[in-house]
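This report looks at one helix and at the aromatic pairs. Please view the structure first.

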Amino acid sequence: MAQSIQVLLDALPNLLLGATVTLQLTAITVLLGMVFGSLIGILRLSPSPLLRFLTRCYVDFLRGTPLLVQIFMIYFGLPALARGLGFTFTLNQWAAAVIALTLNSSAYIAEIVRGGIQSIELGQREAAESLGLGSVQTMRYVIFPQALRRIIPPLGNEFITLLKDTSLVAVIGFEELFRRGQLIVAQNFRAFEIYFAVALIYLVLTLISSQAFSYLERSMNPIERSRQQPAAAIPD
């Protein structure tokens, strides 16, 4: 028992460093995924049949294929394709991981954004148009702020899913939390203790993320905010 604890204490600094890299990778890819996903989600509602078809193909392909295959396509496939076309092109592990995870998360976020926008009652859009607002202004000032409150819970789920999926980029040698655990096990052969510690760190990260999104959801809920405010004094 004492030996196992010592193994964990020795590995902890390296694992925490890997956890920091995992958080950075997750935050960057979710941020980029939100930008691309929001754009694709809005284009999914475009009146143009061609745009709807192209964005539907994009979403279906990335949601319907394994993330692991997408990582291999980008890290190994794109340089091979470039060489076949006579170009010299390479990707390091960091760039390949960010691109693969961003593309994958953007497809899921696009559907979340599309669902959030479509959940807003049609009367809201009609009322905004009757006040003279254009389509962009209606989306910016009326539809999207309301939709944002509704998409926070599924966005939280997507963040937590992506946080765990970052472990897949270990297959291309990117040293995030899981990969660092693999390297430590290769040195000390204490697989159970190390992978247990890796699992615990993932659990802590997901619990903290879940609580953060729950707080964000409550803070953006006007009913919840009104309950938290003290009741106004009734004048005599």
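Contact here means heavy atoms within 4.5 Å. The model is predicted: local features need pLDDT of at least 70, side-chain atom pairs count only at pLDDT 80 or more, and totals for chains, interfaces and linings use all residues. Residues are numbered from 1 along each chain as its sequence is written, and side-chain values use heavy atoms, without hydrogens and water.

**Helix α8**

T206 is found in helix α8. Leaving aside residues up to four places away in sequence, T206 touches I160, L163 and K164. A polar atom of its side chain lies 2.8 Å from the backbone oxygen of L203. T206 counts as buried because its relative accessibility is 12%; buried means under 20% relative accessible area, exposed over 50%, partly exposed in between (1.4 Å probe, protein chains only).

Other buried residues of α8 include I194, V198, I201 and L205. The buried residues of α8 pack against α1 (2-43), α6 (135-165) and α7 (177-188).

**Aromatic pairs**

Rings of Phe, Tyr and Trp (its six-membered ring) pair if their centres lie within 6.5 Å; planes under 30 degrees apart are stacked, over 60 edge-to-face, the rest tilted. The whole structure holds 6 aromatic pairs. Y75 and F76 are edge-to-face, with ring centres 4.8 Å apart and planes at 75 degrees. F192 and F196 are stacked, at 5.9 Å centre to centre and 10 degrees between the planes. F192 and F196 both lie in α8, 4 residues apart. F72, Y75 and F76 form one aromatic cluster.

| Residue | Relative accessibility | Class |
|---|---|---|
| Y75 | 18% | buried |
| F76 | 42% | partly exposed |
| F192 | 65% | exposed |
| F196 | 45% | partly exposed |

Note on methods: Helix = DSSP H or I, 4+ residues; strand = E, 2+ residues; numbered from the N terminus. Polar contact = N/O pair within 3.5 Å; in protein donor to acceptor, adjacent residues only side chain to side chain.
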